[in-house]
Amino acid sequence: MGVHNNTLRVVKLLTAVCLASHVFGCVFFLLAWSRLEWAGDCDTWAGGKGLLAACNRLHSNCTLGSPLYDADGGFGDLSSAFAAGEDPCAVPVRTQYVWSMYWAMATLTTVGYGDVSAASGSEIVFGIFALIAGTLIFTLAVAYLTDIITQMDVTQTLFKNQVDRFNLYCKLLRVPPPLAGEVERYARQLWLEYRGVPPPRLQAYLPPNLRRGLAGDLAHTHLEKLYFLKDHPHMVPLVAGILTLELCMSGQKIFVRGEPADRLFLLVTGSVALVNPDNGTNYTTLERCVVGEAEFFARAVQPCDARVQAQAQVFLLEFEAFWQLLNDVDQAGVFYQYVRQNVRRLEEMSTVKFIEKLLGNLKKGKLQKMMTTAPEEADTGLVFEPKSKFVRLWNCAALAIVMYYIYTIPLKIAFPYDPAVWEVVIDQLLDMFFYADIYMNLRHFAIEKEGLLIKDREQFGARYRKKGMVKDVLSCLPVALVGFAAGLGKRAPGLFGLCRIPQLVRTGRMVRYGTVVFKWVQELAGVTLRAKVARINRVFVTILVMTHYVACLYLFVGRLEHGAGRTNWLEENGALPEDVGASRSYLVSFYWALYTLTTVGYGAISVVTDLEKVFSMACMVLGSIVFDAGMVAILSSIIEDTDHEAGTYQRQLKCTQKYMAKARFDDSLAEVVLKFFEYTKTHETCVIEGEVLGDLSFCLRREVFRFVAFDHLRRAAAFSGLNDGLLTSLVGQMAPYTALPGEVLLDSAAQGVGGEELYVLQEGDCRMGRSDQAGRLHRLPRGSLIAAVREIRVDGKGLRGARRRLRLAGAAGLP
């Protein structure tokens, strides 16, 4: 089993820090011991702490009944030592080592309690060196950890920012929830497959030769067998250079019936079903093949729908790019002659002929299994989707119970706990919720896997059994119930709280529950919080939870030492629960945990026994990693991301200003441009549509534009002659357009202003009126069509002729 590289780096770093602490601690103790041996001087840090036997005798610290470290590293009296004939002033080596390591760890982690400090001149000199060297060492360690955490955090930041952009854009367009869910699902899968970089943009990063090599390697088999290219192999690498890779999610349509075959689809992975749109039945399912070949080369329309069955990677060949390539290499005439000579072959290859053959075989009973109805869910019974209201309410309840566990179980471990019957009943009722949760995850809760919704019980049940069921079963073990039945609460109340530890395993799902609830609250409130805000909230919650856990464990350690009869931190600091109450004792422990984890290190609360010092050293390392490195890295990435956005804006603004000055723009026009930049900077709801749409697949872009404009165009008389396929194709060629205040979109009195464009008003204040009647302007409603076109006809030139005269754009005017 492999180990993640970052894990190895963290282990190496921790080993280095512990080794450095070991070396510094041993040298620090050696200085005190050598001063005693060579100069007989007990004025050292170890002599002052009673860690040197000779100094204890010298200062008469060995009288009967005085506190001394016993053989277990705690405190006892001398009667047992005298009875055993042992040196009553001797101190165990383990205790000496723990104190030395304690000083070194506090110094290197910059906690610096100050309860152990240098006393002699040589110790002070070494302490100065240790402070400098230790600070340098741990600064490098923190930088090392920050680099690791920042890499992971930047990855999450980029992903969250991209999802935020998609969600914000869908919100601005008022996209319906199903389509918005498809967009988010695509964003997540795009991140898994390509780390958020759309395949076309990834191809654009490559030089032409590598781009041809990538496409040729993945689609070489398809290209070699392709119409025209099969007989002209020298064109294969050239065509590979103009292919565009796209990621298509399951359920998306790559084309619809009646749509012009302007694209050729080379299916590399996944599967596509040819669908009859009249009744939703599937003709057949295609894998690793070319879809729409004959229609593409014959310049025909698609005879059916094509829907992605399983997530697919598809290379697209645009006919305009293909025709331009033919003209560039003087092969257009050759292609034209080839098509004229092989018309019959195109007819035989057509999808219509293919479907007719399938239907003919079906009538003969040969392909009955291939003719399947539209995908229907198996008899799954009652299955809830992840975004259903019931699942969200269930997650809210689970989050509340987990938070109750996080707060109460550590407290039950920290303080002696003899539960009443009603407390046990309540705990068991809460545990029963998670028994039901296991059943619901097995039988009724659908899941999303790699962007695909899985509603089949066998599939999502098997995945749950493989991924999370073991942990959930462990968290539901009735250890506490068995302990209560055995009377452990009465016989050993100090240990009964440990019986609830299995339930803490469930707290690992707090992040998942919290994410679901947080998103739902945003939807209900109608707001979209930036990823930065969510991350800051997670940092704050992490600090509180960790401090609570450490505080309760420190109370538990002190109580163990107190139960063993050793002087402990609770007694030394007047924090025994029996004397000051549980709340005061917890508050003192929480205070110690917070200043230790944050490496502030006031030192106001003393650490007494060896066990307490070992625990405090572990907390120092934890605090330096999680707080010094982790929190600083997260907050730094947030600040860096904000600075990057501001820097990008300033750079774009300065470049634009220099360009306008050099080109001698008119002052009024320059002012409008600057106002546009100011608008995009000050309005958080302003997104650059071109960038967002460029990150979507062509299928989703078409669906977004279809939502925006299809119904409006269908109701217009000018488009009454177009079928749904042609209109879908036309809508798919829309482009976003942001109109500036005062801009004239259409002027019937001016030549060349708005003559070939058609605008679908999506947002903003747009007014219409006659130029000779400036005062009579009518505000256009959302969805209005703005164009000089009266009628669109499909003549002998087909829709292509209409496209040359018409360019669609979605207008989003500024308020």
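Which helices each supply at least two residues of the negative patch?

## The negative patch

Helix H25 (569-572) and helix H26 (577-580) do, each giving at least two residues; helices here are DSSP runs of H or I with at least four residues, numbered from the N terminus. The patch itself is made of Glu 571, Glu 572, Glu 578 and Asp 579. To join a patch, a residue needs over 30% relative accessible area and no salt bridge, and like charges are linked within 9 Å. Asp 579 sits in helix H26 and is exposed at 61% relative accessible area (buried is under 20%, exposed over 50%, partly exposed in between, with a 1.4 Å probe and protein chains only).

## Ground rules

This is a predicted model, with local features needing pLDDT of at least 70 and side-chain atom pairs pLDDT 80 or more, while totals for chains, interfaces and linings use all residues. Residues count from 1 along each chain as its sequence is written, and side-chain values use heavy atoms, leaving out hydrogens and water.

## Aromatic pairs

There are 41 aromatic pairs in the structure (ring centres of Phe, Tyr or Trp, the latter by its six-membered ring, within 6.5 Å; planes under 30 degrees apart are stacked, over 60 edge-to-face, the rest tilted). Take Phe 228 and Tyr 338: their centres are 5.3 Å apart and their planes at 75 degrees, so they go down as edge-to-face. Phe 228 is in the loop between helix H9 (208-224) and helix H10 (236-240) and Tyr 338 in helix H13 (residues 332-341), so this pair ties together parts 110 residues apart in sequence. Phe 228 is buried at 0%, and Tyr 338 is buried at 8%.

Phe 296 and Phe 297 also pair edge-to-face, at 5.0 Å centre to centre and 85 degrees between planes. Ring pairs link these residues into a cluster that includes Phe 228, Phe 296, Phe 297, Trp 323 and Tyr 338.

## Salt bridges

The whole structure holds 22 salt bridges (a side-chain nitrogen of Lys or Arg within 4 Å of a carboxyl oxygen of Asp or Glu). Glu 184 and Lys 387 make one, with the closest N and O atoms 3.8 Å apart. Glu 184 lies in helix H7 (residues 177-194) and Lys 387 in the loop between helix H15 (351-363) and helix H16 (389-414), so the bridge ties together parts 203 residues apart in sequence. Glu 184 is buried at 12%, whereas Lys 387 is partly exposed at 45%.

Asp 472 has a salt bridge to Arg 506 (3.5 Å, N to O) and another to Arg 509 (2.9 Å, N to O). Asp 472 is buried at 2%, Arg 506 at 1% and Arg 509 at 17%.

Note on methods:
Patch = residues over 30% accessible without salt bridge, like charges linked within 9 Å, V, L, I, M, F, W, Y side chains within 5 Å. Areas by Shrake-Rupley, 256 points an atom, 1.4 Å probe, with all protein chains shown as cover. Lys, Arg positive; Asp, Glu negative; His and termini not counted. Charge placed at Lys NZ, Arg CZ, Asp CG, Glu CD.
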